[in-house]
Every structure is written in structure tokens, then in C-alpha cells.
Amino acid sequence: MEDLITIILLGIVEGVTEFLPVSSTGHLILAGALLGYDDSRWQLFNIVIQLGAILAVVVLYWRTFWAVMLGLAKRDPISIRFMRNILIAFIPAVVIGLALRKQIEALLLQPIVVAIALIVGGVAILVIERVVKPGETVGVAEVPARTAVGIGFLQCLAMIPGVSRSGATILGALSLGVERRTAAEFSFFLAIPTMLGASVLEIVKHHDTLTAARGVGVGGIALGFVVAFVVAVLVVRWFVGIVGRRGFGPFAWYRIVVGSASLAWLLAR
């Protein structure tokens, strides 16, 4: 029963935070510290359930993906540029992620890093919101190749837990002249190869824990996957609407409050 509650809670946390600029990985790490569970036992679970959130994007934007696939078959320039931008933005994460894999894994075990990153990231969002002017680039296919590469490198900042992959890519895109909705959608689409690659790598590395007694198990991972998917479907719809109306300020203040509270708790315990 305890495991079941933890699985559902973590699935909800993943679904809510994956596409918001608040760091899903950071929240899962802080949840682990708060709930007091064994990080090594739940590490694979936390990675794989991200695929549930990614599936939500595929389902919500299936018409876009279908149009791109048909366009690629017909060698349509717009579809080719769309696919090019996602792929070249994905490459920096592959290169840097593989090169710094051990250092990244070490950071995943340090909740205090998450708390600090949440605070710093929140302040950064407030600054960017004030300083950066509204972008003019509309549509993922219209993003220049050099801008897509820049977004890809900025995504790598999220290898520090608590930074937020979606926050780094969305705010990075805004800073590089991309308008709000396109920046959010670019981040959603870029998450698919990024998180799929990370999940496959973790499954290959820790495949023995899927059936081991000390692991969460296939059934638990499947339940977490479904919960993350359902919650993410609701959150993505809501997020695109609120960003267009209110910007990223509310998420910045949320990060600062949660990061400060977490830091105080971690230092006091």
C-alpha cells in the first residue's frame, strides 16, 4: 500500500511538472527526500515515467506530427525545417549528456542542489521576463538553424537538477527571439527525443531492476506511466493558455518559494 501511494504521488508530480518551467527531476528528488524512500530503488521509475508525460505531447499534437510525416514524404520544405530544428537542438544533449554522465548522476543524489537551482532559476525567469522583448519568430519550422542549436545548448543547463529542461528551453528560446507559444511548443517537441533517449539509456543500464525484488517492478512503472500521462495531458493544455495570458512570472515565484522552503528544511533536518 505504501508503494502504491508513492507510485501515484510521483506519477502526479511528474505529470504536473514535466512541461512547466519548475523542474520535474528536481521535484522528484525533493519528493524522495521528503518521503524518505531509497533513491537507488526508484531511480529507474523516475526516469521511465517521464515517457508517460512525453506521450501526452504526442497525443495532443498528433495532427502536427502527422502533417510533418506526410510533408517529409513529399519533401515539403516546412516539414524538413521542422524536423531539422528538433534534431539539431537534440544533438548537444546527446554529446554533453554522454560526456558528463557520471557527474550528472552524482548531482541527482543531492537535494540541496535542487533547492538552490530552483531559487536561482526563479530569479532568472523574472529577469528574463523584464528584459527580453517579445520575439517575432512564429512556428517551429521558422526558427533559424543557429537559434535551434542555441536552444539545444541551453537545454543542457537542465542536466543540473532543479534547473528545468522546459524552463531552460522556453526561456532560452524567448531570449533568442522566439515568441511565447512557439517557444513552449518547441520545448514540448524537443522533449520527445531528449527524454526518450534518456529513458532508453536508463532502461538498458538498469534493466535488471525491472524484475528484481529491490526494484519498483514493471507493474509499478506502468501505473506511474499512466498517471503521468493523464496528468500531463491536462497540464499541457492549461500551460499553453496561461503562458499566453500571464507569462512565466507565476512559475518564477513558485520556484523561489518552493526552493527557499526546501533549502530551509534541508539545512535544518
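1. Phe19, Tyr61, Phe65, Phe82, Phe188, Phe189, Trp238, Phe239, Phe248 and Phe251 form one aromatic cluster. The model is predicted: local features require pLDDT of at least 70 and side-chain atom pairs pLDDT 80 or more, while totals for chains, interfaces and linings use all residues. Residues are numbered from 1 along each chain as its sequence is written, and side-chain values use heavy atoms, without hydrogens and water.

2. Rings of Phe, Tyr and Trp (its six-membered ring) are paired if their centres lie within 6.5 Å; planes under 30 degrees apart are stacked, over 60 edge-to-face, and the rest tilted. Nine aromatic pairs are counted by this rule. One of them, Tyr61 with Phe189, is edge-to-face, at 5.1 Å centre to centre and 85° between the planes. Tyr61 lies in the loop between α4 (50-60) and α5 (62-73) and Phe189 in helix α11 (residues 180-205), so this pair ties together parts 128 residues apart in sequence. Helices are DSSP runs (H or I, at least four residues), numbered from the N terminus.

3. Tyr61 is buried at 12% relative accessible area, and Phe189 is buried at 4%; buried denotes under 20% relative accessible area (1.4 Å probe, protein chains only). The rings of Phe65 and Phe189 have centres 5.3 Å apart and planes at 75°, so that pair is edge-to-face. It links Phe65 in helix α5 to Phe189 in helix α11, 124 residues apart. Phe65 is also buried.

4. Helix α9 (residues 145-155) and helix α10 (residues 165-175) pack at an angle of about 150°, with their axes 8 Å apart. Axes are lines fitted to C-alpha atoms over the stretch in contact, and angles run from 0 to 180 degrees between N-to-C directions. Ile151, Leu154 and Gln155 of α9 meet Arg165, Ala168, Thr169, Gly172 and Ala173 of α10 in this contact (heavy atoms within 4.5 Å).

How values were computed: Helices (H or I, at least four residues) and strands (E, at least two) are DSSP runs, numbered from the N terminus. Buried means under 20% relative accessible area, exposed over 50%, partly exposed in between (1.4 Å probe, protein chains only).
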